[in-house]
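Keep the structure open beside you as you read.

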Amino acid sequence: MALSSKILRHRVAKATVAIAMLASLTACGVLDEDITADWSADRLYQEARSAADDSDWTRAQDYYLKLESRYPFGRYAQQAQIESAYAYWQDGEAQQCIQTCDRFLRQYPNHQNSDYVLYLKALATLNQSTSIFTSWFKQDIAERDAQAARDAFDTLKELVQRFPDSRYAHDARRRMHELVLAQARHELRVANFYYERHAYVAAIERAQNVIRDFQQTPYSDDALQVIRDCYRELGITDLEGDTTRIIDLNQNRERAR
């Protein structure tokens, strides 16, 4: 029996849809194909460097990761890991940069470029601690940021101790000095913040941090004055007097120099 024209048109339409779907799937397969699948280690590395030169950090990271996974023991593997960390840092992915640096330092603790990796890790850690210098006035002080600053200091200290003649050692020492001053200033500002809100015990604790941890900075004398003022407000006259005598003694020493 001959098919009716209606049924025939229906079958043709279904066949057309099936062919279109097949063509679509085929096209997707082509588009999803990894063009780097047959690339050599040298090709991957050169393409990654080219992407980095163009500041295309995401593409550079992709090539570096493929290079590491496909040729983990090749001559480019170690350098790719270092440059991948740098690409993460440039792309604003500080945590990924730190993790990559840590992985490299575990795998190659005596590598000739370990000083650079430590320096890069410190810079990435400092990117995370920016708010330590800008958010001190908020009630909810970000302790994580203060910890990040300490972590960066420790990394720079390791760099200076292990590689005192490194090309990065001079800047590492400078940044360590700046970090000490910044942390002392931060603690003093927090102490003043609590003092202005009549939280005198908390203010004393933060000011004592300055004296204990940053005694050689110019902020230690200011911290003593905060402590003295807090004792005065609390009515603890004997401790207020003791603190005043220490302040006077320090000032006399400064005049004698």
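L234 is partly exposed, with a relative accessible area of 38%. Here, buried means under 20% relative accessible area, exposed means over 50%, and partly exposed is anything in between, using a 1.4 Å probe and counting protein chains only. This is a predicted model, in which local features need pLDDT of at least 70 and side-chain atom pairs count only at pLDDT 80 or more, while totals for chains, interfaces and linings use all residues. Residues are numbered from 1 along each chain as its sequence is written, and side-chain values use heavy atoms, leaving out hydrogens and water.

You can find L234 in helix α10, which covers residues 219-234. Helices (H or I, at least four residues) and strands (E, at least two) are DSSP runs numbered from the N terminus. Together with V201, I236 and L239, L234 forms a nonpolar patch on the surface, with about 290 Å² of accessible area in total. Such a patch takes residues with over 30% relative accessible area and no salt bridge, joining nonpolar side chains (Val, Leu, Ile, Met, Phe, Trp, Tyr) within 5 Å, and like charges within 9 Å. A salt bridge is a side-chain nitrogen of Lys or Arg within 4 Å of a carboxyl oxygen of Asp or Glu.

Now step back to the whole chain. How many helices and strands does the chain have? There are eleven helices and zero strands. Of its 257 residues, 38% count as buried. The chain exposes about 15700 Å², and carbon and sulfur atoms supply 52% of that; these areas come from the Shrake-Rupley method with a 1.4 Å probe, and for residues only the protein chains shown count as cover.

Next, look at the rings. Rings of Phe, Tyr and Trp (its six-membered ring) pair if their centres lie within 6.5 Å; planes under 30 degrees apart count as stacked, over 60 as edge-to-face and the rest as tilted. By this rule there are nine aromatic pairs. One of them joins Y86 and W89, which is tilted, at 5.9 Å centre to centre and 55 degrees between the planes. Both residues lie in helix α4 (residues 77-90), three residues apart, about one turn of the helix. Y86 is partly exposed at 29% relative accessibility, and W89 is partly exposed at 24%. With W57, Y86 and W89 form one aromatic cluster.
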